[in-house]
Amino acid sequence: MAGIELTRIRLNQADVINGARGGRRPPTLPKLRELLKILAEVVDLNNAAAVLGWDEETYMPEGGAKARGQQLSTLERLAHIRFTSDRVGELLTDLKRELSGADPNSDAVRLIEVTAQDYTKAIRVPPDFVGKLANLTTLSHRAWIRAKKMSDFSIFRPHLEKLVEMSKQYATFFPKSDHPYDVLIDDSEPGMKTADLRAMFAALRPELVKLLGAIASRPQVENLFLHRDYDKMRQRDLGVEVITKFGFNWRRGRLDETTHPFMTSFGIGDVRIATRLVPNPGISSLFDMIHEAGHGLYQQGANPAYERTPLNESASVAMDESQALLWEYLVGHSLPFWEHFYPLCQKAFSPHLDSVTLMTFYRGLNRVEPSLIRTEADEVTYNLHVILRTELEIGLLEGKISVRDLPELWNAKMKEYLGIVPPDDARGVLQDAHWSSDQMGYFPCYTNANLISAQLWEKINQDLPDLSNRIRNGKFEELLSWLREKVYGHGRKFETQELVRMATGSGITVEPYLRYLKEKYGQIYGF
Ligand code: ZN
């Protein structure tokens, strides 16, 4: 029933004028009601598509693929038509005017702003461009698979050249940007600029390279005990125990098995985690579960008043990922966490860890070693992979780098930043699908997520000075409450930078992350 949600979007100004504190229900504007009704339907259609998508990744038999593709495309088309109608544009324009004197931080004003941003994006890109890009992406992805298999960049090169051209064209649909890359970043990190990224990387890269050098000068820590098969069902059971203690609500969520881990939600009351269960490397399935539960806790902590509106989403891709990383690394790779869970873990996987001390386990789990790909990287080297790809993307968009030179540039940067050179292009420039699936501009959100997680963590520890002790005792309630109050409950009401500033007192900066890394790895490696 749409009517229930309509009254939940409160107009702060109207509250004051009409004395809502006296117990009367705050009024809503008729046009706001109309808009909310349309938005609720769009959200319903998208959530219905998400249910089908979840089923496709978990239980659907192979034979269902064709029909499922058609069902999803129908629902997505209906949602797009409903959302991009002229009436939505008119309502947004009128409501902006009607709300011009209202509190800029009220839910209603923010809702109109967020919806207007989405609307502009949805109508500015011509449908024939969208169709052309979808076709090119399909072809590029196939070419990339072949190129990677044969480690032959020349197979992928002409497709990538076209994708770069289309990315440049895409940027022209949004003429106000300072830099063509701004438009691409904005799709995953609204408000962030290329100039912000450059400043961030300039501060981060030399420090990471220096830290990596300091670590390399010390004796390597042992992690052979992780190179064994860890029973996948026991990993699952331990994972369930861990995320239950974190506060994952099983009445409003569930866990299933899949090949690529993910989280999806269809509303605050139905949050699904899907995990991959494999016996190696190490206890990676346990960490996959913790990571996805981090995304899930964000969704479960949403504000019920925002249900069926665009505010009922995370602030951005980076903010969402920061929460997965916070639970997976800042909590799940910390010593206090293992002080609590290690005895259980030893018992679950006996005899693998019988003679491995807690400290040896903790150090081994956090071993730093340059690797060829971001997905296998540790906390210290991870962002060097992100910086490398992002610098190349910016160069491509500016026209300062040509696609032809990418393999060589990729290897040169690997050597400079990580001290290793990929043995072939399959493990170098062709290593992952971000370019072939048209995701230029997406990578920076991984670094943003790291920075945000550490910045929040520093503030949380100031606000909850006893946190390590609580974690050591398996207590996570205060941590979850803090995150709900400062992050989860705001949904998409504030842009990431604003939300981080509200929570920590400053916009996203690199210092907390560098402090965190230096302290943690200084202890592990003894410098
Ligand atoms: Zn994630």
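**Domain interface and zinc site**

The model is a predicted one, and the domain assignment of the protein places domain 1 at residues 14–178 and domain 2 at residues 194–525. Asp 107 and Lys 493 form a salt bridge in which the closest N and O atoms lie 2.7 Å apart. Contacts between the two domains involve 39 residues of domain 1 and 41 residues of domain 2. The area buried between domain 1 and domain 2 amounts to about 3500 Å², with carbon and sulfur atoms giving 62% of this area. Of the area that domain 1 buries against domain 2, 18% is supplied by Trp 54, Arg 110 and Phe 153, more than by any other three residues. The centres of domain 1 and domain 2, taken over C-alpha atoms, are separated by 26 Å.

The zinc ion is coordinated by NE2 of His 291, NE2 of His 295 and OE of Glu 321, at 2.1 to 2.2 Å. In sequence, these donor residues follow the spacing H-x3-H-x25-E. Distant parts of the chain are linked by the pair His 291 and Glu 321, 30 residues apart: His 291 belongs to helix α12 (residues 284–300), whereas Glu 321 belongs to helix α13 (residues 317–331). Both His 291 and Glu 321 are buried.

With regard to confidence, the average pLDDT of the protein is 92, and 95% of the residues score at least 70. Over residues 1–27, however, pLDDT stays under 50. For this segment, the model has 41 contacts beyond four places in sequence.

Terms used. Residues numbered from 1 in each chain as written. Predicted model: local features only at pLDDT ≥ 70, side-chain atom pairs only at ≥ 80, totals over all residues. Heavy atoms only, no water. pLDDT = per-residue confidence, 0-100. Contact = heavy atoms within 4.5 Å. Donors = N, O, S within 2.8 Å, 3.2 Å for Na, K, Ca; no water. Helix = DSSP H or I, 4+ residues; strand = E, 2+ residues; numbered from the N terminus. Buried < 20%, exposed > 50% of the residue type's maximum accessible area, 1.4 Å probe, protein only. Domains from an automatic or database assignment. Buried area = accessible area lost by both parts, 1.4 Å probe. Salt bridge = Lys/Arg side-chain N within 4 Å of Asp/Glu carboxyl O.
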